[in-house]
Structure formats: C-alpha cells, structure tokens
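Here are some notes to read beside the structure. Please keep the model open and look up each part as it comes up.

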Amino acid sequence: MSINDQQTEAVKASNEKTCFIKTYGCQMNVYDSQRMEEALAAAGYRPVAAAEDADMVILNTCHIREKAAEKVYSELGRLKPLKQQNKDMVIGVAGCVAQAEGAEIIARAPVVDMVFGPQTFQQLPAMLDEIDDRRARGDKPKLVRTDFPAAEKFEALQAIARKPITRSPSAFVTVQEGCDKFCTFCVVPYTRGEEVSRARADIIAEARALVADGVSEITLLGQNVNAWEHEGIRLDGLLTQLGEIEGLARLRFTTSHPRDMDAALIAAHGENEKLMPYLHLPVQSGSDAILKAMNRKHSAADYIELTRKFRAARPDLALSSDFIVGFPGETDADFAATMALVEEVNYAQAFSFKYSPRPGTPAADAADQVDEAVKAARLARLQGLLNAQQVAFNNAQKGRVLPVLFDKPSKSGDQMSGRSPYLQPVHVPFEVLGGRDATALRGRILPVEITGAHANSLSGVLAI
Ligand code: SAH
Ligand code: SF4
Ligand code: F3S
C-alpha cells in the first residue's frame, strides 16, 4: 500500500469527508486549487489522491487551449459512474471554463452540482452548506456562481489559513487578478475579469507566514503581474519590501506584459539582490502588422529595446516568452519577422503555440485564418530555433558554480533536484552527495558545479 493509499484508508476509517481537486492551466489555477483545498480542510474535507476515493471532486479548469470545454465534458463523463456508486458525492467545475460556460455545464452534464468561476471559490463553504440543505429537502442542488467579486476573493484569501501542503521551499502568491488588455486571441479578460491588485499589507502578511513555514522562494502571480499597483506603490516597491523579509532568499514574478514595464522595475533587476535573473516576457509575434492585429500595443522594436534595457540592468538575465504562430493573416514574411526577433533576442526558454480560435474573441471571426498545415510547419521551425537557443543557454552553464535551491528527490528517486537562479531544474545524483542526507538538502541553497547540460535541465555536483 502506498503512503497515499494508507492516508486514504485512514481518512475513510475516520469517517471524514474527502476531496480531490484536479487542476488544469496556469499557475494562478494551481494557486487557487491550493487555496480551495485549504478552505475545504477548514470545512472538514481531507485531500485524497484520486477521484475514486473522494466525496467531492472539483475540476479547476483552463479555457486557453482548443477544445478545452469538450475535454471537461469528457472528464465529467468519466466521473458519472463514480457518482452513481456514491450518491452523496459532490461534483464541482471551477476555473475559466466554468466562468465561460456557466449554467450550460449543468445543462450538458447533469452530474455536476456546482459551477463557480475563478473569483468565487471563497464562497465554497457556503455553497456546500447550501448543497446539504437542498439535498436534505430532497432537491437536486445546482449552483452557479460566476460573478466577478475579485476584491472579495482577495479579502477571503486572508482568512484562509495557508498550510504547507506541498512542503516545497518554493511558493506562489497571487498579487493581481484579471486582465484589461483584450489581446484579440485571448479568453482571459472574459474568464478572469478586469485587473485588480491585491492589498500590499495582505501580500506581505501572506509572504511572512509562508517564510515562517519554511518557504524561501516566492513567485508573485498575476495575469499582468507588472500592472500591480497599490497605495501608489508599484511592483518594484513591493519586491523591495518583500526582499526585507528575513529568511526569504529568492523572489520571482510572472507573467508580465511589455506594455506595463517601467524603468523602476527594470532597475530592480540590477538592484534587488533577491530578485532572480529570469524574466518571462511574452511577445507573441515579431511582426508589427500581426502585433497590431493582436492588439498588443507594442512593436517588435519596442520589445527588443525593452530586452536591451533589462540586459543592461542585469547582463546574465535569462529571457523567456510565449509565441503564437498562424494568427489570422500571418504571411511568410510575418513569420520570418518572428524568427528574426527570436534570433535577435536569444531566449533561455520559451513556450510556443499554434493559433487556435477561441469562440467569443475577435480573432476567431477573422476571415483570413491560416491553414493548419502551414501553422504546423511554422511551429516546427520556430520550436527548432527556440530549442537550439535553450540548449545553448544550458550548455553555457557547464563548468559554472550556480546556487541551487533544493526542493525534492527527482522522479527517478536517485537524485536530488532543485532550481538554478535561471529556473533550470538541476539534478544532483545521490551517489555524489558524499554521504550527505539527500532530504536534508531540501530548502537549502547550495553551490553546485554544473557538469552536464541537457535539453530541459542541468546536472552537477555539490561544490562544498
Ligand atoms: N497573461 C499572459 C498570457 C496568458 S495565456 C500574457 O499576456 O502573456 C498564455 C499564453 O497562451 C499566451 O501568452 C499565448 O501565447 C497563448 N494563447 C492564448 N490564447 C491563445 C490562442 N487563442 N491560441 C493560441 N495560443 C494562445
Ligand atoms: Fe490574454 Fe493579452 Fe491579457 Fe495576456 S495580456 S491575459 S494574452 S489578453
Ligand atoms: Fe487558463 Fe484561465 Fe489560466 S484560461 S491560462 S486557467 S487564467
């Protein structure tokens, strides 16, 4: 019996209720799922590792990829027999598909008891009470909560006690929700609502609590994290204040929009010693015509200039980005401009996607959609270039000694893994730990001499 199985058995035996949350999409959803788990813990629910063992199953969904909603419906189809076995089971759909589809989900999948969007999960305990009440009256509870009280969510987050669920030395803290940019391909402004910044004091309090629990790296999250502003302070000021927390060694933030970058945040990369030299700054395309059609409000030259300023402040900065190929109207020349931008900037890593029409967004209705085969060919070429740059960046670390924040044993179980300042996974085989207790490394930042570079990771030996 695995540890998870044992926990599940113990939970069943004690008659406690159990929950299972399946998370899709971005880190903001990961953060939200952890908060839901904590809110449910306060309501008497213990997390289990599989839907089969749970009294409550929540799918925390993402709407960014093609056929996202269809995938949720087929997952719900798989949950149906479980609910037939356990009539008390509660099934919820949360996140961005829930926000976009609303009551339609319950109409198409009657197995669902509650649908709630990214800004309403703080109402979860109240929803559960209502479900109990309605069931006691013999009703079939069907709750739909998809309004946008983001400020209420932030207040509620303060009341949810954070637990070191993962016991990782690295934690996320959401500081900003929503997006007002309306890039013409993107669903996020419709699913997450308008930009709202969380109060500075609340962020600092959450960070302090995490550090007291042993966390040494915090990543600030927001769909447009660099739009964060509160009481006249912007992100650079928040990072300075967080940097003053003793025991907090590393700070990161994601995701930034080129439009909201200011000089102070650029300077912070040279001045704030805790801020790690890694920046995810999506550009999407290198063609000005496509950037305009995407409503990005920056040109390729603006973006390249921005990356120059960052590198002037922090010469070893690792840059990352998102790209979309095959946006409606993208010509061979537009795509060549994207390749040229990649050559010019030189990325440490990146994410790239074929454009896929999202219903309800302006670009989905454009007449000049690009042929699938053309999209696939362009994506392959772009990824070839990006991968080569990533490999070159990783290779350049060979022979260097990098401070690594150790986290956990790797999946293979014979090495300890951590992250370099540039966010690369670094593996140190147990056999070269020189008799040191591998798990004692967890949460420590130690120098590692990099001896091997791979496509997606580095390996090395402790340099102490
Ligand atoms: N706020 C973030 C983006 C979140 S979505 C930002 O502005 O960077 C993550 C990425 O998904 C986007 O950067 C984009 O590259 C990709 N994406 C979003 N909508 C898409 C679509 N309709 N087709 C293909 N890729 C898309
Ligand atoms: Fe989407 Fe653009 Fe907002 Fe990013 S900035 S979440 S891509 S609309
Ligand atoms: Fe997906 Fe919603 Fe995040 S659509 S990417 S889960 S904001």
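1. This is a predicted model. Start with Lys 375, which touches Val 325, Gly 326, Lys 354, Tyr 355 and Val 370, residues up to four places away in sequence not being counted. Where does Lys 375 sit? Lys 375 belongs to helix 15, which covers residues 372-395. Is Lys 375 buried or exposed? Its relative accessible area is 3%, and buried means under 20%, so Lys 375 is buried.

2. Ile 290 lies in helix 12, made of residues 288-293. With a relative accessibility of 3%, Ile 290 counts as buried. Which residues does Ile 290 contact once its neighbours within four places in sequence are left aside? They are Ser 285, Phe 327, Pro 328, Gly 329, Glu 330 and Asp 334.

3. Next, a pair of helices. Helix 13 runs over residues 300-313 and helix 14 over residues 332-345. The two pack at an angle of about 10°, and their axes are 11 Å apart. Angles under 35 degrees count as roughly parallel, so helix 13 is roughly parallel to helix 14. On the side of helix 13, the contact is made by Ala 300, Tyr 303, Ile 304, Thr 307, Arg 308 and Arg 311. Helix 14 contributes Leu 341, Glu 344 and Val 345. Sorted by class, this contact of helix 13 with helix 14 has five nonpolar, one polar and three charged residues.

4. Three strands form an open sheet, in the order 7-10-13, and their pairing is parallel. Which strands stand at the edges? They are strand 7 (170-174) and strand 13 (250-254). Each has a single partner strand, so one side of each is left without a neighbour in the sheet. From one strand to the next, the twist averages 25°.

5. Within this sheet, look at strand 7 beside strand 10, which consists of residues 217-221. They pair in the parallel sense over five bridges. Helix 2, residues 27-42, lies across strand 7, strand 10 and strand 13. The direction of helix 2 is at about 95° to strand 7.

6. Five strands form a closed barrel, running 17-18-19-21-20, and the pairing is mixed. Neighbouring strands here are turned by 55° against each other on average, with direction ignored. One pair to examine is strand 20 (residues 445-453) with strand 21 (residues 458-462), which pair in the antiparallel sense over five bridges. In this pair, Ala 453 stands opposite Leu 458 in strand 21.

7. Last, the overall division. The protein is divided into domain 1 (11-149), domain 2 (164-275), domain 3 (277-396) and domain 4 (401-462). How many residues of domain 2 are in contact with domain 4? Nine residues of domain 2 are in contact with 12 residues of domain 4. The centres of domain 2 and domain 4, taken over C-alpha atoms, are separated by 26 Å.

Conventions
Residues numbered from 1 in each chain as written. Chains lettered and ligands numbered in written order. Predicted model: local features only at pLDDT ≥ 70, side-chain atom pairs only at ≥ 80, totals over all residues. Heavy atoms only, no water. Axes fitted to C-alpha atoms, helices over the stretch in contact; angles between N-to-C directions. Helix = DSSP H or I, 4+ residues; strand = E, 2+ residues; numbered from the N terminus. Parallel < 35°, antiparallel > 145°, perpendicular 65-115°, else oblique. Contact = heavy atoms within 4.5 Å. Nonpolar A, V, L, I, M, F, W, Y, C, P; charged D, E, K, R; others polar. Pairing = 2+ DSSP bridges. Buried < 20%, exposed > 50% of the residue type's maximum accessible area, 1.4 Å probe, protein only. Domains from an automatic or database assignment.
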